[in-house]
Amino acid sequence: MTSTSVLLTFEDYLAQTDGLEGRYELVNGALVSMPPESPENLDIAKGLMFALARYIPISLIAYNTEIEVSGGRATCRLPDLVIHTEDSKAAIQGTTRATVTRDMPPPALVVEVVSPGEQNRIRDYRYKHTEYAARCIAEYWIVDPQQQQITVCQWVEGQYENAVFTGAQPVVSYVVPTFDLTAQQVLTLRQG
């Protein structure tokens with residue numbers, strides 16, 4: 001991961017990323033180049049997207065959608081999957097890029113598949129946890145292939161309450177109440 005030394009506003013970021021190659025996040029005003037996802041993480045995210053399509057209208061499921069969050073300076077995250085509400089989906093309709101800004105309603109759920117490495121773990125479990133809670137996103141799923149667990153963070157009265165699911169435990173979601181896959185099934189979607 002590399003970052004720029006020039007601090008950007010959110011508006012600068014939106015203008016700066018036009019025409020850039022690769023994936024970027026804006027983190028505390030710095031443009032941070034994100035390495036490509038591992039094939040395993042991409043397969044888990046893709047498998048989860050298809051699994052969620054059994055419960056959620058496909059029009060509300062998104063990938064490659066940015067979410068502006070609060071930080072010490074301007075910050076914009078690029079989660080692996082987003083489940084929109086009808087309102088957040090309507091808010092980005094007709095825009096030139098799939099970016100949910102702070103003045104738009106938040107999505108219902110975001111999913112991050114944790115990449116290997118301590119910095120990635122810290123980013124997903126600590127920083128994004130706080131940022132997504134501040135955006136009032138109803139659920140944040142942390143899918144962790146290395147730890148073989150899924151943490152479902154449910155937004156309750158301004159903060160997340162975490163439930164960790166492993167092995168044969170069914171993943172419990174309030175956003176997707178009929179979801180019936182176990183943690184192990186989600187973590188092995190790439191194999192199916």
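**View 1. Ile-150 and Phe-165 are bridge partners, the latter lying in E12.** This is a predicted model, with residues numbered from 1 along each chain as its sequence is written. Local features need pLDDT of at least 70, side-chain atom pairs count only at pLDDT 80 or more, totals for chains, interfaces and linings use all residues, and side-chain values use heavy atoms, with hydrogens and water left out. Strands E11 (residues 149-156) and E12 (residues 159-166) run antiparallel and are joined by eight bridges. Strands (E, at least two residues) and helices (H or I, at least four) are DSSP runs numbered from the N terminus, and two strands pair if DSSP finds at least two bridges between them. The hairpin of E11 and E12 has two residues between its strands, and Glu-157 in the turn shows a positive phi of about 50°.

**View 2. E10 meets E11 in a second hairpin.** Here, too, the strands run antiparallel, with six bridges joining E10 to E11. Look for Trp-141, which stands opposite Val-152 in E11. Four residues lie between the two strands, and Gln-148 takes a positive phi near 55°.

**View 3. Helix H2 spans residues 39-52.** The expected span of a helix is 1.5 Å times one less than its number of residues. For the 14 residues of H2 this gives 20 Å, and the end C-alpha atoms are 20 Å apart, so the two agree. Buried residues of H2 include Asn-41, Ile-44, Leu-48 and Met-49; buried means under 20% relative accessible area, exposed over 50%, and partly exposed in between (1.4 Å probe, protein chains only). Among the elements covering the buried residues of H2 are strand E9 (109-113), strand E10 (139-144) and helix H5 (183-187).

**View 4. Cys-136 and Cys-153 are each in no disulfide.** The structure holds zero disulfides, a disulfide being a pair of cysteine sulfur atoms within 2.5 Å. For Cys-136, the nearest cysteine sulfur is that of Cys-153, 15 Å away. Are these two residues buried or exposed? Cys-153 counts as buried at 0% relative accessibility, while Cys-136 counts as partly exposed at 37%.

**View 5. The protein chain as a whole has five helices and twelve strands.** Its radius of gyration, taken over C-alpha atoms, is 16 Å, close to the 16 Å from the globule rule for 192 residues, so the chain is as compact as a globular protein of that length. That rule is 2.2 Å times the number of residues to the power 0.38. Of the 192 residues, 47% count as buried.

Key:
Contact = heavy atoms within 4.5 Å.
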